[in-house]
Amino acid sequence: MYYVNPNKIAHNLADAISFPRDLHFSHKTLLQMMKMNELNIGGLSIPTPIIQGGMGVGISLSGLASAVANEGGVGVISAAGLGMLYKAESNDYLANSISGLQQEIRKARQKTTGILGVNIMVALTNYDDLVRTSIEEGIDIIISGAGLPLDLPKYLTPGSKTRLVPIVSSARAATLICNKWLANYNYLPDAVVVEGPKAGGHLGFKPDQIFDENYALEKLIPEVVKAVNDIALLNGKNIPVIAAGGIYSGADIVKIMRLGASGVQMGTRFVTTDECDASIEFKQAYIDAKKEDVRIIKSPVGMPGRAIKSPFLDEVEAGKRQPKTCPVNCIRTCDISTAPYCIIASLTSALRGNFRRGYAFAGSNVWRTNKIIPVKELMDTLKQEYNAYAEKAELVSC
Ligand SMILES: Cc1cc2nc3c(=O)[nH]c(=O)nc-3n(C[C@H](O)[C@H](O)[C@H](O)COP(=O)(O)O)c2cc1C
């Protein structure tokens, strides 16, 4: 028999509250409890509490998303820049991005019966249309950040089953969104993603906060869990908190969940998989990346970002790049007169492996990636590592 510390086993505060203290469990029960708990997002059961982060432009499309969903996680299609990838359809970038999104959702749905999401950045010019299209297509979950999705519930239509998940980088933002949604739409998020400063892509932090321990994911999780649970408990809803940014191994997942997260969102790890929709050159850039190649850059979106150094970024830093025209007006917050380059063009070039014209966004742990494997192998490895670490840690503490 083992003494169980409920705060270590419980996966969120709500569980902890209903979890009787000083209980004793058999070894078998204890081991079962150490297995990854399923994640519940607004009544949707997700067997493996791993969300594959949406990755634009074109890095996570139907191929990667369906593979992750087939392994019991949430597969997420990125809505960013789809008009560039579905260019052949017409000369209208915004219309092509809607048609591209429809096609990607339908393709993914044909390949899986698992849980599928769409990641839609608030900063996208046609945010409204992308959200409406996703709901019309019956997507399971919309995950939305890069700005505060303060009005996301307004797009829900009667009978729609789409769950809404904002991405935040502070407890303050989580509280603001919950209160606004409740006051204006009588709706609370179905889950909240808290993304810390080690993530890849755009970061919701000021440059001086990125390496400041006060903004570390480990510090943010309990703050966001408390903020969200205070509101959730008052309103009789469970709002799981999902943590993102720099999570790499199954052991990391155990540590993160012990801080109160109910699941994780991972991006970088899914790039070096067979099913990732990027070119082999993009994946190779990950495998070749060394620790010192990872950079914080200034993005035309108006936020800092984390990326792998490239000849293109060297030119940007040297002030040798200046966009002459704005081809598609894809981002609300991008100003052609001050933007150092066109982000949609550079990310599309990178997707295809051209690093003279672009760069790869990546998380802080990209330098640890060393091979391209099937999504199934990655998910199985994470589960095995999780179980091994949880078992070891729990037995040591007994
Ligand atoms: C190549 C790349 C592209 C990304 N694009 C987006 C995006 O379009 N929208 C978004 O909200 N997050 C984006 N992200 C962030 C991921 O969804 C995820 O939250 C983050 O990468 C987690 O950190 P990790 O990569 O350390 O696991 C991107 C990340 C990467 C690596």
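User: In which loop is the place of Ala 146?
Analyst: The model is a predicted one, in which local features need pLDDT of at least 70, side-chain atom pairs count only at pLDDT 80 or more, and totals for chains, interfaces and linings use all residues. Residues are numbered from 1 along each chain as its sequence is written. Helices (H or I, at least four residues) and strands (E, at least two) are DSSP runs, numbered from the N terminus. Ala 146 has its place in the loop between β8 (141-144) and β9 (163-168).

User: Is Ala 146 buried or exposed?
Analyst: A residue is buried if 20 or more other C-beta atoms, placed from the backbone, lie within 10 Å of its own, exposed if 12 or fewer, and partly exposed in between. Phi of Ala 146 is near 55°, a positive value in a residue other than glycine. Because Ala 146 has 26 C-beta neighbours inside 10 Å, this residue counts as buried.

User: Is Asn 186 buried or exposed?
Analyst: Asn 186 is found in the loop between α8 (171-185) and β10 (192-195). Its phi is positive, about 50°, although Asn 186 is not a glycine. With 9 other C-beta atoms within 10 Å, Asn 186 is exposed.

User: Which strands stand at the edges of the open sheet of 3 strands?
Analyst: Two strands pair if DSSP finds at least two bridges between them. The order is β11-β15-β14, with antiparallel pairing. A single partner strand leaves one side of each edge strand without a neighbour in the sheet, so the edges are β11 and β14 (294-298).

User: Which residue of β15 does Gly 201 stand opposite?
Analyst: β11 is joined to β15 (residues 304-308) by 2 bridges, and the two strands run antiparallel. Opposite Gly 201 stands Arg 306.

User: How many residues of domain 2 are in contact with domain 1?
Analyst: Two residues are in contact if their C-beta atoms, placed from the backbone, lie within 7 Å. Domain 1 contributes 33 residues, and those of domain 2 number 31.
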